[in-house]
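Hello,

Here is the structure I promised to pass on. Please have it open while you read; my notes follow below.

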Amino acid sequence: MLTTDRNRLTARIYLAVQIALPLGGFLKGSPYFGWRMFSEVRIPPRAVVIRDASVDTVSVNKYVGFARGDLSYGPDLAVQICRLESDAVAVRLLQLSGPAQVTKCR
Amino acid sequence: VPLTRILIGIAAFARGLEAWRVLWRVLDPEVLRFPLIPWLPRLPQFAVPVLITAWLVLATAFTLGYRTRAAGTALALIMGYTLLLDQQSYSNHLYLLVLITGIIALAPNPAVLLRYQLSVVYGFSALWKCNAYYVSGAVIAAHLIPTLERWRQVEYMAPLAVTSLFAEVFLAIAFWTPRYRPLAWLVGLGLHVGCVFILAPGYQLQIAVFALEMVALYTAFGPPPYRVFQWAAALRLVHGSSHTRIREL
């Protein structure tokens, strides 16, 4: 009897957590722990590397572990590209959401 | 639950192979880090083969039912580490895999929790899709495989999107009713097999793993009803005969 009651309580707590966690994520718009699957277009950002004599559009795969469209890379990505591309003058990041961000390397 | 465990074990094994590729890149010291939990220690890149070998061995033991509790717990911990290590190694189907493996290994009455899990996943997945952008078909169109390029038009994509949304709502509810369970099996199999074949080139393995996880959750409501296979056979017969008829015409 006690075991049945405990099992029932465990099940209820589990269900409560499994509803609260995704609901919180849904209200905050978080992509984590909320079962947000194929509900949006996820295109990883592209970077435009501006050099003295050339401008190249490059995939960010070389600079990040696993390029994702639902991840906000922020200025860190541009800084990383500047670090690895020693002749870059500036980097422009193109993301599906939000305006293009330009970061000067030197 | 033994059938559920076997399906989850196979899904975990397949996901382990995929995790090798992802972790090798994410743990590369030259690439940018996006930790999900900042205090979680990062393994050196050379530890990836050891971690993945342990993952695969534990997944095999879990599938075979060998020391299920210990193997499942350790497997859930390794997968959980991968999940929480970095935002780039997080994925919803890995999260689901961690939850299901943990439930099977540790919960005294796993079937009830797995049933809840099915409704939660489909329910929230449908909730996220309740927006004009998804319903317009733009999301499916963007993820469609290149061979289906000529179908990438709003008159096909929008009904497909709406149908998939209703299918998920139906699946979240229907499994709880014995009367609709056979139909739910058929709708669920159609939805997931369809996703594997038409969506996201490059992500098919991950979608197939997710499909296997969801089918495993279906089995928490009991074994597949025999009627599903009768219906599937009937559908194939009807489909086949209509093709013959079209050819005749």
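What is the strand order in the open sheet of chain A? The order is β2-β1-β3-β4, four strands in all, and the pairing is antiparallel. Keep in mind that this is a predicted model.

The edges belong to β2 (55-59) and β4 (101-104) of chain A. Each has a single partner strand, so one side of each lacks a neighbour in the sheet. On average, neighbouring strands are turned by 25 degrees against each other, direction ignored.

Now the pairing of β1(A) with β3 (residues 88-94) of chain A. These two strands run antiparallel and share 6 bridges. Arg46(A) sits opposite Leu94(A) of β3(A). A helix also packs on this sheet: α2 (residues 74-84) of chain A. That helix touches β1, β3 and β4 of chain A. Its direction makes about 145 degrees with that of β3(A).

Next, backbone angles. Most residues other than glycine have a negative phi. Two residues are worth a look here.

Phe33(A) is not a glycine, yet its phi is positive, about 60 degrees. Look for Phe33(A) in the loop between α1 (2-28) and β1 (46-51) of chain A. Its relative accessibility is 21%, so Phe33(A) counts as partly exposed; the buried class ends under 20%.

Arg67(B) also has a positive phi without being a glycine, at about 45 degrees. Its loop lies between α2 (48-64) and α3 (68-85) of chain B. Buried or exposed, what is Arg67(B)? Exposed, because its relative accessibility is 60% and the exposed class starts over 50%.

Best wishes

Definitions and conventions:
Residues numbered from 1 in each chain as written. Chains lettered and ligands numbered in written order. Predicted model: local features only at pLDDT ≥ 70, side-chain atom pairs only at ≥ 80, totals over all residues. Heavy atoms only, no water. Buried < 20%, exposed > 50% of the residue type's maximum accessible area, 1.4 Å probe, protein only. Pairing = 2+ DSSP bridges. Axes fitted to C-alpha atoms, helices over the stretch in contact; angles between N-to-C directions. Contact = heavy atoms within 4.5 Å.
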